[in-house]
Amino acid sequence: MHDIEEHAGPIEADVVVVGAGFAGITAARRLAEAGRTVALLEARSRLGGRALSRPVGDGQVVELGCEFHGQHDSVSAQVARSVGIGSHKVHDTGLKLIGDADGVRRWRGAIPKASPVALADFGQAALRLERMRREVPQEAPWEAPHARRWDYETMWSWTRRNVRTPGGRALMRLVIEAGMAASPAEVSLLHVLNYSNGTGGFRATTTVTGGTLENRFVGGAQGLALRLAETVADQTYTGAVVRRIVQADGHVRASGPGFEAVGRRVVVAVPVPLAGRIEYDPALPGHRDQLTQRLTLGSAIKFLTLYDEPFWRAEGLTGMAISHTGPVRAVLDGCPPGGTPGVLTAFVTGPAARRMLRLSGADRRAAVLAELVRLFGRRAGEPFDVIEQNWVAEPFTRGCYHAYAPPGLYTEFGPALKRPVGRIHWAGAETVPVEFGSMSGAIHSGRRAAAEVLACDEGAAPADLGLGPAERQGR
Ligand SMILES: Cc1cc2nc3c(=O)[nH]c(=O)nc-3n(C[C@H](O)[C@H](O)[C@H](O)COP(=O)(O)OP(=O)(O)OC[C@H]3O[C@@H](n4cnc5c(N)ncnc54)[C@H](O)[C@@H]3O)c2cc1C
């Protein structure tokens, strides 16, 4: 791996890849395996993007970025196994907690505590969403039979018409805010349906055993990214912030402060909204540029509180909590495999995250600790360390967990998510509708972008990449 500041002169490669998250690393690996030279340019001084794991001693790590994969979410786990990285189960034995304005209650199983009427109301709506999502094709959600109607509806407007009780609506809001780091009023219904297709169902996103929160990678998600990047280490440059991409004379030049990389093609594997901040010459087609203006990154801050031991386990709790009120929407047991240190991972998401961002760091920490004490009792207020990871403030991420589609985006701009623009190919967790926004989605997208580049090398016209006439002209 090279620090770009220590590199003199232009970098030349067959393919330039911008961004070393799972998507860029996967694309670079695939291209290198196919015999192409690559230059993998990463803005940060580290690799992994939204995968960020921090050592806590004894070879253990805690997760500040992405962490979970379920049974259904098999691609990232398959890739991990292929490079010798296993998974461990998230602790899920005991009771869970739910907080609201009236206090904190315990619950067991998959359904949170609420009045029977509210639960029945929510359950019926969840079943209806399950039926609807089966009508949404994974590769092209914008081609669903009711795509336009569902895409012009927000998740909240649908909820208000289909969930009658305040308790049922509150549960729906909680599920979306915790799972998508956005308010249901911001998100297209079609997007929610497509997203839950990628996770194996609407309920799976909030479920540990049998859901998408079931497993973590041993050594951390970033450990997996670093392992994958090993095969392209010699062709990787850190500190390389790409500001400009120029297509001319059968080449592409990606440049930033003090460096330039030249290749026959470029794969841009940065989050779509950030791809829109790069300057392009010639300018991007209007459709693609407008897409980058509309796809929106969620708002999430992660707080990890570290204790000598996971005291909640001895009290018969799983460590999972959800809360309708206060700053924290969800908490999970974040302990490494051996259970030491004890870690509670609190997710501050959606509108609550935005409110928190107006506070000072000290006030944010105090607010989160107060909520943990309300949920888990006095000992939760006595951590030996608190780690705040504010992804909204990260200049090379700018939000998380992933982007979401507001109403109208899929049906008006969907195909532009992955449509190449001349010699520019797009990768990233948000450029594939399949397993959108996840580690697996990022890996899918890197594979797809590499396959596009290789197909072009073999003389494939854009038609062979599955593009329609308007897309071939870059519109
Ligand atoms: C808190 C959090 C929790 C999450 N939880 C989960 C989970 O449990 N399971 C799951 O599957 N997914 C989860 N995700 C989502 C998952 O992390 C992402 O979908 C996936 O890692 C995205 O990979 P990527 O390669 O598409 O993008 P990124 O990881 O964002 O990588 C993009 C890379 O591009 C670099 N870059 C940006 N701009 C430039 C530039 N101008 N020049 C050069 N480089 C640039 C960035 O530094 C970054 O390294 C979570 C994400 C977060 C943040």
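Mentor: The model is a predicted one. In the unreviewed UniProt entry, the annotation "binding site" covers F347. This residue belongs to strand β22, which spans residues 342-349. F347 counts as buried because its relative accessibility is 8%, and the cut-off for that class is under 20%. Leaving aside residues up to four places away in sequence, F347 touches E67, F68, I301, K302, P327, V328, R329, A330, L332 and Y401.

One of these neighbours, R329, leads on to a further partner: R329 forms a salt bridge with E177, and their closest N and O atoms are 2.9 Å apart. Of the three parts into which the chain is divided, domain 2 comprises 54-92 + 212-218 + 299-393, and domain 3 comprises 116-202. Between domain 2 and domain 3 the count is 2 salt bridges. On the side of domain 2 that touches domain 3, β20 (317-323) and α12 (351-356) each supply at least two residues. Polar contact across this interface is found for 4 residue pairs, both members being at pLDDT 80 or more.

The interface may also be described as a whole. In it, 13 residues of domain 2 are in contact with 13 residues of domain 3. The two domains bury about 960 Å² between them, with 63% of that area on carbon and sulfur atoms. Their C-alpha centres lie 25 Å apart.

Terms used. Residues numbered from 1 in each chain as written. Predicted model: local features only at pLDDT ≥ 70, side-chain atom pairs only at ≥ 80, totals over all residues. Heavy atoms only, no water. UniProt positions renumbered as here; feature names shortened; annotations may be inferred. Helix = DSSP H or I, 4+ residues; strand = E, 2+ residues; numbered from the N terminus. Buried < 20%, exposed > 50% of the residue type's maximum accessible area, 1.4 Å probe, protein only. Contact = heavy atoms within 4.5 Å. Domains from an automatic or database assignment. Buried area = accessible area lost by both parts, 1.4 Å probe. Salt bridge = Lys/Arg side-chain N within 4 Å of Asp/Glu carboxyl O. Polar contact = N/O pair within 3.5 Å; in protein donor to acceptor, adjacent residues only side chain to side chain.
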